Structure formats: structure tokens, C-alpha cells
Amino acid sequence: MPTTSTPDPDVDLVVVGCGPVGLMAAIRAAQQGLSVVAIDRLTEVYPLPRAIGMDDEIQRLFATAGMLDGLRSCSTPMPGAEFQDRDGRRVVGYDLTPGLVGPNGHPPVVAFDQPSLERLMQTQALAVGVVLRLGVEVVGLTGTTVQTNKGDITGRWILGADGASSVVRKLLDIALEDQGFDESWVVTDTTLLDPQLPLPRNCIQHCDPARVITFVPGHGTRRRWEFQLLPGETDDEMSTRERITELLAPWGTAAELQIDRVAVYRFHATVAERFRVGDVFIAGDAAHQMPPFNGQGMCAGMRDADNLAWKLAAVAAGQADTRLLDTYDVERRPHARGQVEHAADAGRLINAIAHGGEAALESGYGGGRSFPHLEAGCVTGDHPRVGYPFPQPVVDGTGFDHTLGDGWASVTTAESRTDLPAGLRRVDADPAQFPGLVESGVTVLVRPDRYVAAVTNHTTDALHALGAAGMHFG
Ligand SMILES: Cc1cc2nc3c(=O)[nH]c(=O)nc-3n(C[C@H](O)[C@H](O)[C@H](O)COP(=O)(O)OP(=O)(O)OC[C@H]3O[C@@H](n4cnc5c(N)ncnc54)[C@H](O)[C@@H]3O)c2cc1C
């Protein structure tokens, strides 16, 4: 009987899709020692308006990936956000003090330009040794061999980061679970030509029953508006320049606001039923899609990318066995689902305020919801900080991360005496900088993606528990 077998891999990792998520996965994997080929059917970055807000956790990831200066050159800290009623009165919101740094050591949110960011990431991918194959379309998948219009390529692992209509997800026959949100919005990015134009400083959700509108102050002179389509309005009629000019009229004229880009999007809330089949993984919009109201779609995908990259690198280096790869789905899918649900709730809340006023704040949409954390996987113990990012205090302008290195770290106090295996870097920390976390006799095990894996005074037991998730500390 003839047997079929997967050919020897050409590379460790083939990434399908060079959007922000695929590029981040490729960069982090290459930085941690994997050989990586990243493929995209486009030859240029996608030019239409999409992600604009990035939280402090993902800015921290950009710093880890060596792209902080580049990010700063195409981003601006956001001063705050609010929901306003039909009369422009604040219903709920927050203002951020200039210079404020979030728990991850960066401004809580920055506005950025997605095409500029993707160009920066392509440059960094090449710099760290990723082979970029642009203008190459994936059309099939057999085992870990992808078929493209320019020939086959085999990886030890495949990552489908090929966006919302992911071919990889379809070829794996992975269904999307619908979280019940479906609205069309037209999005326009403009350049502010008249700096005297009195536009809000904050990101605004105008909860106006006549039409719900989002305003986002972007980087530099960029200003964005997103308009919900009303019943009966079509994508074509709503995306003409004439219509956009009419919609922008309450804020400025064509002489004051130059319309740069227009696109109509259907905002969905979906999560793939699985993020992994064998040695093939999916990430980013291929694995989950959410409406943009919390600015978390790309950020969630970046968390997938970083989560997977260090695990593949650990297995390739013999520091972990393949059980660690099971934890990708276990950790990332519930986390992403939490964010999808939250984003859909934010959309429902905007509509509820528009049609029901301030009383809608009692509707329960998004109320009291905490940011998701890793509830299971390569984490252990019931300390409340387990499964959350390890905080990054900034002292004298320098973040703590440089002392953690690029692998696992064991953070403890200088006087603590703990015997550590070779695979763990010991880092002494000042408890005053980590209240409620670092203290005498306690060890905080921090993963390469900066998540807290354990907070323990029985380090050997914690390492044993992480061993059950596939980690070998030597
Ligand atoms: C209006 C709007 C506002 C948003 N605002 C925010 C925000 O503020 N913050 C935030 O975090 N997120 C936001 N998002 C979401 C964010 O834009 C997406 O989550 C993000 O772009 C997804 O990145 P990705 O890399 O997973 O997919 P994509 O960016 O879609 O990239 C997929 C890539 O795969 C390639 N590809 C597809 N199929 C193939 C194939 N068969 N072969 C080869 N290549 C292929 C494509 O060409 C593409 O380059 C917003 C989205 C929208 C629409």
C-alpha cells in the first residue's frame, strides 16, 4: 500500500498572512530562534482604515519586539474617552492625565496609523530574519504543507493569521461561534487641515438616536469618524465622497477636513470553535472578530501571536514538550471570547443609551466586567495575580522588563533563598514597586510573554505543576 507522509519541513514556522498579527507572530518567533517564512497574497500593506487604538499591554509587546521607537513615531497617547447623549452631554467616560503610564509601563491607550505600523513591522520582520514572501496566495493545506500559487512550502508548524475570511480556518473546517452582533458602519479617516477646528480631544461615542457615531482623534492630524448605517441605507450610497461630506458637515467643511479613506464594514462578534488542529494554529481575525468599540480586535490578535511564539520556540529548543502547545487554545480562546463579548456589549450599550438615555447604564451591558485573564493552561495556583500580565513599573524613565530578559524569570526579593533550575533567570525586585505581589519568601514566576504563571512560596511545587503543562525547566 502506498503511504503518504509529510515532507521534511523547509522551516520551523510558516505564517499565512502578513497583517499585524501574522507579522508579530513571525517577528517574535524569529527573535526566539525559529526559522520563519511569512506569506501574503498582497504586495503592499492593506491601505483602508482599520485599527487605530492600542493598549499598554500591546505597546509593551512592541517594546519587547524591538519596535518601540517606531511605534512612538506613528502614535499619540489618547487623552480619554466618553459616551455622550443626543445633546452632547457626557453620560460616562474618563480623562487620562498627560504622561500617565498604565500598569504595563506605557500610556494606557495610543492612537496609531495601521498602514504605517504594518510597514514598520515588515521592516522589523526582515531585520530579525523572517523570509517575507509577498504576492503569494495560499490555496490549499495538506498536513503542514501549504499549497500556494507559487509552489508548496512545508513548515514544522503552520499559523493561519489570514484575517476574517481565513482560508486556513476554512481548510481546517473550523466553524465560527456567533456571539450575536451584526451591524454595518461606514468609516472615514480624514486629515485635519484647519488646526483651529473645535473638535473633541477625547474619543467620543455619540449615542444619538438619529444615528450613532464614533469620533476618534488619531495620530498627528488624523481624525476618524464611524457612522452606523440606518435600515435601508446601502454600502455604496453611504461610501460616496458626497455622502461622507454631508455626514461630516456638523464638524467641518471639505476645506477643513480632507477625506483620505472611506470603507464600509460589517461589525461581527465571532470566535472560532478551535484555535488549533494538530500542528496548524489560527490567530487574530482568523480566530476571532469583534466590533471595534473597545479598540481590542488587533490587540487580542497580538496576544495570540506572542502567546504562541514563545511556546513554539520552547518546544523547538527542547525546553518543553508538545503538551505546551495544547495550552494555546486553552489560554487564548476563553480570553478572546471574553473580549469579543465585551466589545459586543459596548456596541449594545451605545444603542441602548441612544434609545433609552442614561438609564441604559443599568442595562448590565459590560457593567462590572473585568479584563479577561488566563484561567487555565501554563499557569498554576489561586493567587489573584496569576494569569495577568506582570506589572512593569517605570523607574527613572526605564521600564522593569529589561531585567526580565526574553525567557522565563523568577522574581523574588534580594534576601529570598531559593534554588532555581537553570531554565529560570533569577531577578531580584524591590517589593515596594510590586505591592501585593513581590514579597519576602514569595517567588513570582513570569513567562516569556510577561504573564504571571505562579505566585508561590513553594517554588518546586509550582514548577512541577507547570511541568504538567509541558514545561521542562532543567
Ligand atoms: C473600523 C475598524 C476599526 C478597528 N479599530 C481597532 C482598534 O482601534 N484597535 C484594535 O486593536 N483593533 C481594531 N480593529 C481590528 C483590527 O483592524 C483587526 O483585528 C486586525 O487588522 C486583524 O489583524 P490580522 O493580522 O489578524 O488580519 P488582517 O489584518 O486581515 O491580515 C490578514 C492578512 O492575510 C492575508 N491573506 C488572507 N488570505 C490569504 C491567503 N489565502 N494567502 C495569503 N495571504 C492571505 C491578507 O492579505 C492580509 O494581509 C478595527 C477594525 C476595523 C474594521
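## A sheet, its helices and a ligand shell

Helix H9 (residues 323–356) lies across strand S5 (80–84), S6, S12, strand S13 (203–206), S16 and S19, and runs at about 120° to S16. Keep in mind as you look around that this is a predicted model.

The sheet itself is open and has eight strands in the order S6-S5-S13-S14-S15-S12-S16-S19, with mixed pairing. Strand S6 (90–95) and strand S19 (288–289) each have a single partner strand, so one side of each edge strand is left without a neighbour in the sheet. S19 pairs with strand S16 (residues 257–272) in the antiparallel sense, over two bridges. In one of these strands, S19, His288 is the bridge partner of Val271. Helix H7 also packs on the sheet, where it touches strand S12 (176–192), strand S15 (222–228) and S16.

| Helix | Residues | Angle to S16 |
|---|---|---|
| H7 | 241–248 | about 90° |
| H9 | 323–356 | about 120° |

Now to the ligand. Of the 34 residues around the ligand, Gly17, Gly19, Gly163, Gly284 and Gly297 come nearest. By class, the shell holds 18 nonpolar, ten polar and six charged residues. Helix H1 (20–31), strand S2 (36–40) and helix H8 (297–316) each supply at least two of its residues, and H8 gives the most, with four.

H1 and H8 also meet each other. They pack at an angle of about 25°, with axes 8 Å apart, and are therefore roughly parallel. Their crossing is right-handed. The contact between H1 and H8 has twelve nonpolar, one polar and three charged residues. Among them are Met24 and Arg28 in H1, and Met302 and Leu308 in H8.

Methods
Residues are numbered from 1 along each chain as its sequence is written. This is a predicted model: local features need pLDDT of at least 70, side-chain atom pairs count only at pLDDT 80 or more; totals for chains, interfaces and linings use all residues. A residue is near a molecule or strand if its C-beta atom, placed from the backbone, lies within 6 Å of it. Ala, Val, Leu, Ile, Met, Phe, Trp, Tyr, Cys and Pro count as nonpolar, Asp, Glu, Lys and Arg as charged, and the others, Gly among them, as polar. Axes are lines fitted to C-alpha atoms, for helices over the stretch in contact, and angles run from 0 to 180 degrees between N-to-C directions. Angles under 35 degrees count as roughly parallel, over 145 as roughly antiparallel, 65 to 115 as roughly perpendicular and the rest as oblique. A crossing is left-handed if the near helix is turned anticlockwise from the far one by less than a right angle, and right-handed if clockwise. Two residues are in contact if their C-beta atoms, placed from the backbone, lie within 7 Å. Two strands pair if DSSP finds at least two bridges between them.
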